[in-house]
Amino acid sequence: MRPSTLKHLALGCAVIAAAGGIGLMRRLPAPKPRGAKFCRIEARPSQHQVPYSASTPTVAERPESYGFIIKYKRTAKPGVISRMLEELNVRRSYRYPHLPLFAFGMYPEGEAQATDAFLERLRQHPSVEYVEPNYVYRIGDTRPDDPSFAEQWGHLNEGQPIKGGQPGIPGVDAAVVSAWDVTTGSREVVVAVIDTGVDYAHEDLADNMWVNTREIPNNGIDDDGNGIVDDYYGYNAVGNNGNPLDDNGHGTHCAGIIGAKGDNGTGIAGINWDVRLMALKFLDANGRGTLNDALECIDYAIAMKQRGVNVRVLSNSWGGGGYSRALEEAIRTANANDILFVAAAGNSGTNNDRIPHYPASYDVPNVLSVAALAPNDNLASFSCYGKKTVHLAAPGVDVYSTVPVTVFGQGYKHFSGTSMATPYVAGAAALVLARDPKLSVTALKAQLLRSVTPVAALEGRLATGGRLNIARALGVRGE
C-alpha cells in the first residue's frame, strides 16, 4: 500500500468522479492480533464446577487506531470531499480500484483512537453515505459468545483444567468448532430425546424446542387428533399425557449437548446452535422406565415422521433389561422410516461383545452404539466397549450441560456417562443433516463412522477404533 497526500487524494477523486464515482484505495492489512422391563439411566452425575475462565476471541474487533472505512454518496463532489478531509485532518486515504465510492482513512496525527464524535462528524457530512471502523477479523474458529463455552472440553479441548482439576490434552475433542465453520445447524432437523423429558422452558433450550404446530397448547383438546391432549412439546409416556417436562435432569442435560442455543450470550452452546428438540419422556423422576413406555415414545416419533415432521434422529441415553424382540422390531420400524437410533453403550465397564447391553446391542442397521471418551483420549473407566458391537467414542466425562433449575437449583451441571457421549453423536448426526438433509439413515451412519479420528487406546476395543470427529463428517480437511 502507498500513502497519498490530500492533494493527491483530491486529484484522484476528480479523475475518478469523471468516470462516474469517487476513487478509493486498497485495504490496510489488519494486525495479527409401563411393561415388566425397567431401564436405567446411563449417566454418572458429578459435582458442579465453577466455570473455567478463558477469553474467547470475537469474530470481529473494533480497534479504532486502524482507521475507518467511508462510503461517499454518488452525488458527492471531489472538491467538497477534499475540503472535508482537510478540515478533519485526515492523514491518509487509499483507493479501492473496483469499489469507486469507498475509501479508507487514517485519523488525524496525535489521535490514536477515533472518538464517537469524530465518526459522527463524518457521518453527518452531506457527501457521506456511511462510515465504519476498520474492523479487525481473526481466523475463523466460530466460537460462540456463550459464557460457559470454555467448560465444554468435548467441543474444544485446549488443555484447560477439567472441573478445576487436571488439564485435558489439547485436541482431544469432537472437532465441533471446526465443524461450525461449515454449519451451526438447522431448524429443519428434528432430534427426539427419549429420556426423562426436557425442561422446555430452560433459558438455553426454549428457542430450540420442537413444537407441534397442529396443537394449541393448554386448551385441553386433542387438536391434531393423534390421541394425545396438548402434546405441544412432545409426549409423556409415564403420565400418558402431552407434558414431557423433566423432573430428573438427565434428559435436559442430554438435550443441551445436542442443541442448547448457541451464540446467544447465555450458558453453553449445543453442538447445534439451531435445531428442533422433541421431548419424549419414558423415564420417571427416579430414572426408571418400562419397555411399554419406551415403545410408546418410539411409536410417537415414527407417527410424527409419517405426519410430515422431519424426525431424523432418536437419542437414547438409557439401557438395561434383557433382549426384547418388540423393542428390536420398533427400532427396525424407525430404520424403515429413515431415523437413526443412537444408543449409549453402557456404564458397567464390560465388553458388549460378550455381555450385550440393550438397546445399544441390537443388530439393526440404524443403531449406532456410543462409548464414553475421557479428555485424555482414553476410554472412560466406566464405559462399556466391544470391537464388534460398540461403534465409536465421544466425550463422556465431566460434560457440562443444561439441567432444570427446579431440580438442581442451578441451570447447568457436569455429568459423566455414556449418556453424555450419546447426544454428542446424535447432535453430530443432526449437524451433518443440516448440511446434507437428503442423506439416508444408512449414508448418515456410514459418514459418521468413517470420519472418526483413530485413537491408539481405542484400537481393538471399538469397531472404528476412533473418536467422533464432526468436522471430518462435514468434509473439513485437516481435522
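Which exposed residues sit on the face of α7 turned away from its buried side? Here are my notes, with that one answered in point 3.

1. First, what you are looking at. This is a predicted model, where local features need pLDDT of at least 70 and side-chain atom pairs count only at pLDDT 80 or more, while totals for chains, interfaces and linings use all residues. Residues are numbered from 1 along each chain as its sequence is written, and side-chain values use heavy atoms, with hydrogens and water left out.

2. Start with helix α7, residues 325–336. Helices here are DSSP runs of H or I with at least four residues, strands are runs of E with at least two, and both are numbered from the N terminus.

3. Now look at its two sides. Buried means under 20% relative accessible area, exposed over 50%, and partly exposed in between (1.4 Å probe, protein chains only). In α7 the buried residues are L327, E328, A330, I331 and A334. They fall within an arc of 160° seen down the axis (taking directions from the axis to the C-beta atoms), so they line one face of the helix. An α-helix has 3.6 residues a turn, so residues three or four places apart point the same way. The face turned away from the buried side carries the exposed residues R325 and A336.

4. What covers that buried side? Among the covering elements are α6 (291–306), β13 (311–316), β14 (318–319), β15 (340–344) and β16 (367–373). Just after α7, D338 takes a positive phi of about 65°.

5. Compare α5, residues 250–259: ten of its ten residues are buried. H250, C254 and I258 are among them.

6. Y235 is worth a click. It lies in strand β10 (residues 234–236) and is buried, with a relative accessible area of 5%. Y235 and A279 are 44 residues apart in sequence, yet 6.6 Å apart in space, C-alpha to C-alpha. Leaving aside neighbours within four places in sequence, Y235 has contacts (heavy atoms within 4.5 Å) that include A279, L280, E296 and Y300.

7. You will find I69 in strand β4 (residues 68–72), buried at a relative accessible area of 16%. I69 and G105 are 36 residues apart in sequence and 6.4 Å apart in space, C-alpha to C-alpha.

How values were computed:
Expected span 1.5 Å × (residues − 1).
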